Amino acid sequence: MRFCVLTIFPEMFDAFAGHGIMRRAVESGKIRLEPVNIRDFAEGRHRVTDDRPYGGGSGMVMKPEPLAAAIQSAKSELPEAPVVLLTPQGRRFDQETARQYAACREMIFVCGRYEGLDERICEAYVDDEISIGDYVLTGGELPAMVVMDAVIRHIPGVLGAEDAAECDSFSASRLEHAHYTRPGAFCQKEVPGVLLSGNHRAIEEWRRESALLRTILRRPDLLEQTGLTEPEKKIVQKWCRRLEALASD
Ligand code: 4GX
């Protein structure tokens, strides 16, 4: 999969592509990440990429001409790519959108700075506007990395084979179970005994229960999307009986 990222800070992507799973994905040729400096498409001795807003007020707006030239150049390189703008005004990014993007062969990201882009760029060139959450950042570069990270994990062979099962749509609506590693006792707390038992069915059951209880307590909103499976209903019924026994005298 090929990614072109339009930005005035291309160096920000060096750290992203230079470590861990992303680095391996680049080195194995599974992905290509090409940051492009919008400033390279700006005219004049100072290669200015921003200008004052019509109507006045504080803050600057990204000039349309350099951006249009940069987007056109990226589209000639990646003709199939959707042009995605990172902005708080976009629809909220989630695991389902990440999975859908992973089916693309190419993507182009536009990273805005300042107060944003000239509206005519959005209208003429942008296919999709994405927000990574309701908070205000100083630029679209971190959101672009967040989106690419979540997308790249879905490309076959990028994660170890053991993670492939995590990619079903159901996994996004349940929190993960608790994880433990050595030592067996830490901070005066023991690892749950079942995890040391070697009983793989019991371990699998404990993990499903841990995942479900955490989801109920911390993110009940996630359960509204899918409802409970039959085995999950059994777990809830078991806990209902336990809690009722506690409450009765
Ligand atoms: N999820 N920002 C973009 C500048 C900007 C504004 C409007 C285009 C249009 C953000 C977020 C985010 C701050 C990135 C403003 N560019 N992006 N930037 N939250 O806060 O995606």
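1. Tyr135 sits in the loop between β7 (128-131) and α6 (141-152). The model is a predicted one. With a relative accessibility of 43%, Tyr135 counts as partly exposed. Together with Phe9, Met12, Leu137 and Leu142, Tyr135 makes a nonpolar surface patch of about 440 Å².

2. The second largest pocket has a volume of about 530 Å³. Its lining takes two or more residues from each of β5 (83-92), α5 (119-125) and β7. The most come from β5, which gives 5 residues. In total 25 residues line this pocket, and Leu86, Thr87, Pro88, Glu115 and Gly116 lie nearest its centre. By class, the lining has 12 nonpolar, 9 polar and 4 charged residues.

3. The whole structure holds 15 salt bridges. One of them pairs Arg105 with Glu80, with the closest N and O atoms 3.6 Å apart. Arg105 is in the loop between α4 (95-101) and β6 (106-111), and Glu80 is in the loop between α3 (64-77) and β5, so this pair ties together parts 25 residues apart in sequence. Arg105 is exposed, at 59% relative accessible area.

4. Arg113 forms a salt bridge with Glu141, and here the closest N and O atoms are 2.9 Å apart. Because Arg113 belongs to the loop between β6 and α5 and Glu141 to helix α6, the pair ties together parts 28 residues apart in sequence. Arg113 is buried, at 15% relative accessible area, and Glu141 is buried at 0%.

5. Arg120 forms a salt bridge with Asp118, the closest N and O atoms being 2.7 Å apart. Arg120 counts as exposed at 52% relative accessibility, whereas Asp118 is buried at 14%. Elsewhere, salt bridges with shared partners join Arg2, Arg32, Glu34 and Glu77 into one network.

Methods:
Residues are numbered from 1 along each chain as its sequence is written. This is a predicted model: local features need pLDDT of at least 70, side-chain atom pairs count only at pLDDT 80 or more; totals for chains, interfaces and linings use all residues. Side-chain values use heavy atoms; hydrogens and water are left out. Patches are made of residues with over 30% relative accessible area and no salt bridge: like charges are joined within 9 Å, nonpolar side chains (Val, Leu, Ile, Met, Phe, Trp, Tyr) within 5 Å. Accessible areas come from the Shrake-Rupley method with a 1.4 Å probe; for residues, only the protein chains shown count as cover. A salt bridge is a side-chain nitrogen of Lys or Arg within 4 Å of a carboxyl oxygen of Asp or Glu. Helices (H or I, at least four residues) and strands (E, at least two) are DSSP runs, numbered from the N terminus. Buried means under 20% relative accessible area, exposed over 50%, partly exposed in between (1.4 Å probe, protein chains only). On a 1 Å grid over the protein atoms alone, a cavity is a set of points where a 1.4 Å probe fits but cannot get out, and a pocket is an open set with protein on both sides within 12 Å along at least five of seven lines; lining residues have an atom within 4 Å of a point. Grid points are joined across faces, edges and corners, and a volume is the space filled by probe spheres set on the points. Ala, Val, Leu, Ile, Met, Phe, Trp, Tyr, Cys and Pro count as nonpolar, Asp, Glu, Lys and Arg as charged, and the others, Gly among them, as polar.
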